[in-house]
There are 2 protein chains.
Amino acid sequence: VDARVDRLQRLCAANRGVIALGGGLPAAEEFPVLGQAVPGALQYDWPEGRERLRAFVAARLRARGARVEAGEVIITAGAQQAIAIAAERVRRWCTGVGRCIGVDEESYPAALDRFRSLGLSPCAAPAPVHYLMPAIANPRGAGIPPARRRALVESGATVIEDDAYAELRFDGATASPLVAGARDRLWHVGTFSKTLCPGLRVGWLVPPPSEHASALELKRELDLMSNGIGQALLERFLDEHDWDARLVRLRALYAGRAGRMMEALRRHLPAWRFAEPAGGFSLWLEAPDPDGDDVALLACAVAHGVSFDPGRLFRAGEAPRPLALRLCFSAEPPERLEEGVRRLSAAWDAFARRPATLAP
Amino acid sequence: VDARVDRLQRLCAANRGVIALGGGLPAAEEFPVLGQAVPGALQYDWPEGRERLRAFVAARLRARGARVEAGEVIITAGAQQAIAIAAERVRRWCTGVGRCIGVDEESYPAALDRFRSLGLSPCAAPAPVHYLMPAIANPRGAGIPPARRRALVESGATVIEDDAYAELRFDGATASPLVAGARDRLWHVGTFSKTLCPGLRVGWLVPPPSEHASALELKRELDLMSNGIGQALLERFLDEHDWDARLVRLRALYAGRAGRMMEALRRHLPAWRFAEPAGGFSLWLEAPDPDGDDVALLACAVAHGVSFDPGRLFRAGEAPRPLALRLCFSAEPPERLEEGVRRLSAAWDAFARRPATLAP
């Protein structure tokens with residue numbers, strides 16, 4: 001959008017005295033009744049999203065040491081859209097053979113898929129652009145060590161910081177985000193999907209200041225704006241509830257489930273390896289035998305009444321081996337976690353014992 | 001996503017007996033109370049969207065002569081996201097110097113902007129890929145003639161059919177969509193933004209059958225899924241209201257406003273030209289004098305208490321002349337439409353009379 005036109009449009013919108021013959025808005029008096037409960041939530045809105053929600057996000061980031069103002073926050077359709085916007089913008093910096101984008105050995109599959117669609121190759125190696133989850137990584141549930149934090153910030157690389165699970169560290173020690181230490185090449189991504197619910201599709205992006213206008217324009221091109229009803233309901237929820245008390249409760253809930261799953265793993269799959277997660281929704285489980293097809297094991301597990309996420313989905317190169325899988329403790333109650341691991345163990349026994357000729 | 005994994009995941013989701021240690025879903029019992037009123041709407045869902053909503057869209061299209069099943073519909077974040085998905089997928093067919101994508105002389109600005117960001121040049125000329133609004137075009141409010149419909153369908157071109165205003169033809173003669181005559185190169189786009197409200201961000205895309213899987217994967221990469229709360233509220237609204245009766249009321253409302261605006265234009269700006277819109281939210285107004293900067297005129301109009309959309313935003317080449325503008329009759333009550341046109345006339349008098357040296 002022409003910057004002059006944008007300025008004039010915003011001027012008009014702020015002044016009810018200006019008669020709006022531009023904009024193409026539908027007649028608000030014909031909106032469903034629901035609209036009366038959440039003013040403005042059903043009409044077209046600006047691409048950056050609702051003001052109070054952006055102020056909340058910025059205040060939470062400032063409390064963690066980052067100098068971020070509400071005007072720098074763009075509300076997105078979840079963390080996924082924030083990653084998609086950042087990736088499309090930083091794509092031009094991914095140069096060289098293969099157009100690598102740096103990622104952890106295992107990383108978030110839908111980010112990897114978006115990178116690939118944009119013509120980039122996720123690589124577990126240093127690169128001019130890095131995507132990572134420094135506070136709590138998916139799938140391992142661990143944060144990055146302080147030395148790596150420092151090295152990343154000082155390397156001059158462009159970084160997409162996916163902070164989706166940062167507030168769900170079991171010890172409650174919400175680390176300072178990378179965006180607190182670097183602004184000019186740091187794309188900060190967050191979401192309410194893990195801490196409230198995914199169905200509202202409300203996340204956020206804090207681009208580097210020099211990229212704010214382009215990122216906002218891209219957000220507009222992708223879907224004009226994030227849904228107003230989810231944003232308005234979220235604003236009301238934040239008004240009426242104690243967010244920190246909620247986080248304390250969620251951390252205890254997920255820590256308890258993680259504990260129950262680890263106990264069950266030690267009992268039923270003692271030869272498999274995993275590191276204790278420090279937060280988040282999942283752990284990374286490695287088989288005692290590196291061979292075996294993770295997707296074939298999934299088919300066998302489903303026949304035994306349990307599902308998991310095959311390890312290859314999380315790998316930069318989509319390697320099916322060494323055999324590993326992501327187990328989530330987030331969505332099932334403790335007794336089903338225990339039973340799920342028992343079923344997984346039975347599936348593994350059947351899978352490991354089957355004749356090699358049946359392998360796909 | 002690996003097709004085998006996707007199949008297994010869907011199998012598991014349909015069977016509550018399978019313990020889900022995959023998926024990374026948050027604990028649904030911690031969702032806000034709201035969630036109890038709209039089952040499933042707050043959790044992660046499939047990228048294609050909710051089943052009943054897709055069935056509604058498919059049934060409406062079938063009633064207009066298109067053979068579309070619910071399984072072929074992808075729910076999107078408004079028509080804008082549907083256009084963005086289609087554009088990213090058809091981009092590879094836009095070959096040749098300048099990578100043209102065919103559009104009308106004037107077209108929808110946010111679509112043009114997305115095409116440009118993808119490295120394409122919108123051109124008002126024949127091209128291997130066309131974007132258009134055949135039923136009611138934005139900004140002119142007219143449909144395309146039958147001969148052009150036939151020619152387009154028979155040309156073998158890939159077509160993005162944006163049907164956003166199709167149900168808001170004033171005469172209620174909802175034309176058969178292009179998707180009824182061609183499926184294999186036709187990307188059909190629709191939305192509830194004009195007929196219900198934009199804030200839910202619910203639209204849809206019907207890709208060619210051969211492109212369905214890729215389009216769905218791209219939807220997933222862009223935001224995982226459309227917001228569940230908006231979809232669920234919309235499903236409930238459709239259950240509880242007579243959609244056709246609503247459309248009859250909306251057509252009368254917008255036709256009445258269009259009439260009022262045209263009367264005012266004939267009275268206050270008799271030298272300007274426009275064609276009577278057949279539907280939609282706007283008309284296209286051309287100045288008696290082709291010279292003059294449309295954005296400068298907007299600034300002058302805002303100072304006189306009225307806004308409009310500068311004509312250049314709608315043009316493939318962003319040409320500022322001949323001087324024209326989009327006027328919307330959709331969002332203001334009739335007496336403000338009349339007053340708005342009066343103010344626009346006063347602004348035009350001031351603008352046309354001002355010393356040439358002040359022109360930007």
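**Sheet in chain B.** I looked up strand 11 of chain B and found that 2 bridges join it to strand 12 (residues 324-328) of chain B, the two running antiparallel. I noted one of the partners: Pro310(B) is bridged to Leu325(B) in strand 12 of chain B. The model is a predicted one. I then traced the whole sheet in chain B, which is open, has 3 strands in the order 9-12-11, and pairs in the antiparallel sense. Strand 9 (282-286) and strand 11 (309-310) of chain B are the edge strands; each has a single partner strand, so one side of each has no neighbour in the sheet. As background, I wrote down that strands of a sheet pair through backbone hydrogen bonds, parallel or antiparallel.

**Sheet in chain A.** I went to chain A and recorded an open sheet of 3 strands, order 9-12-11, with antiparallel pairing. At its edges I have strand 9 (282-286) and strand 11 (309-310) of chain A, each with a single partner strand, so one side of each is left without a neighbour in the sheet. Strand 11 of chain A pairs with strand 12 (residues 324-328) of chain A over 2 bridges, in the antiparallel sense. Pro310(A) has Leu325(A) of strand 12 of chain A as its bridge partner. I also asked what packs on this sheet: helix 9 of chain A does, and it touches strand 9 and strand 12 of chain A. The direction of helix 9 of chain A makes about 15° with that of strand 9 of chain A.

**Interface of chain A and chain B.** I took the contact list and got 95 residues of chain A in contact with 95 residues of chain B. The buried area between the two chains is about 7700 Å², and carbon and sulfur atoms give 59% of it. I listed 12 salt bridges between chain A and chain B. In one salt bridge, I found the side chain of Arg16(B) meeting that of Glu332(A) at 3.9 Å, N to O. Which helix gives the most to the side of chain A that touches chain B? I found that helix 9 (residues 243-268) of chain A does, with 7 residues. Sorted by class, that side of chain A has 51 nonpolar, 19 polar and 25 charged residues.

I also checked for strand pairing between the chains. Strand 10 (residues 306-307) of chain A and strand 1 (residues 19-20) of chain B are joined by 2 bridges and run parallel. Here Val306(A) has Ile19(B) as its bridge partner.

**Salt bridges overall.** My search of the whole structure gave 77 salt bridges over all chains. I opened the pair Glu48(A) and Arg10(A), whose side chains meet at 2.6 Å, N to O. The pair links distant parts of the chain, 38 residues apart: Glu48(A) is in the loop between helix 2 (34-37) and helix 3 (51-63) of chain A, and Arg10(A) is in helix 1 (residues 3-13) of chain A.

**Backbone entries.** I noted a cis peptide bond from Arg321(A) to Pro322(A), with omega near 5°. Pro322(A) sits in the loop between strand 11 and strand 12 of chain A. Pro139(B) is in the loop between strand 5 (129-132) and helix 6 (146-154) of chain B. Last, I looked at Leu224(A), a residue other than glycine with a positive phi, near 70°. I placed Leu224(A) in the loop between helix 7 (212-223) and helix 8 (228-240) of chain A.

Methods. Residues are numbered from 1 along each chain as its sequence is written. Chains are lettered from A and ligands numbered from 1 in the order in which they are written. This is a predicted model: local features need pLDDT of at least 70, side-chain atom pairs count only at pLDDT 80 or more; totals for chains, interfaces and linings use all residues. Side-chain values use heavy atoms; hydrogens and water are left out. Contact means heavy atoms within 4.5 Å. Buried area is the accessible area (1.4 Å probe) that two parts lose on being put together, summed over both. A salt bridge is a side-chain nitrogen of Lys or Arg within 4 Å of a carboxyl oxygen of Asp or Glu. Helices (H or I, at least four residues) and strands (E, at least two) are DSSP runs, numbered from the N terminus. Ala, Val, Leu, Ile, Met, Phe, Trp, Tyr, Cys and Pro count as nonpolar, Asp, Glu, Lys and Arg as charged, and the others, Gly among them, as polar. Two strands pair if DSSP finds at least two bridges between them. Axes are lines fitted to C-alpha atoms, for helices over the stretch in contact, and angles run from 0 to 180 degrees between N-to-C directions.
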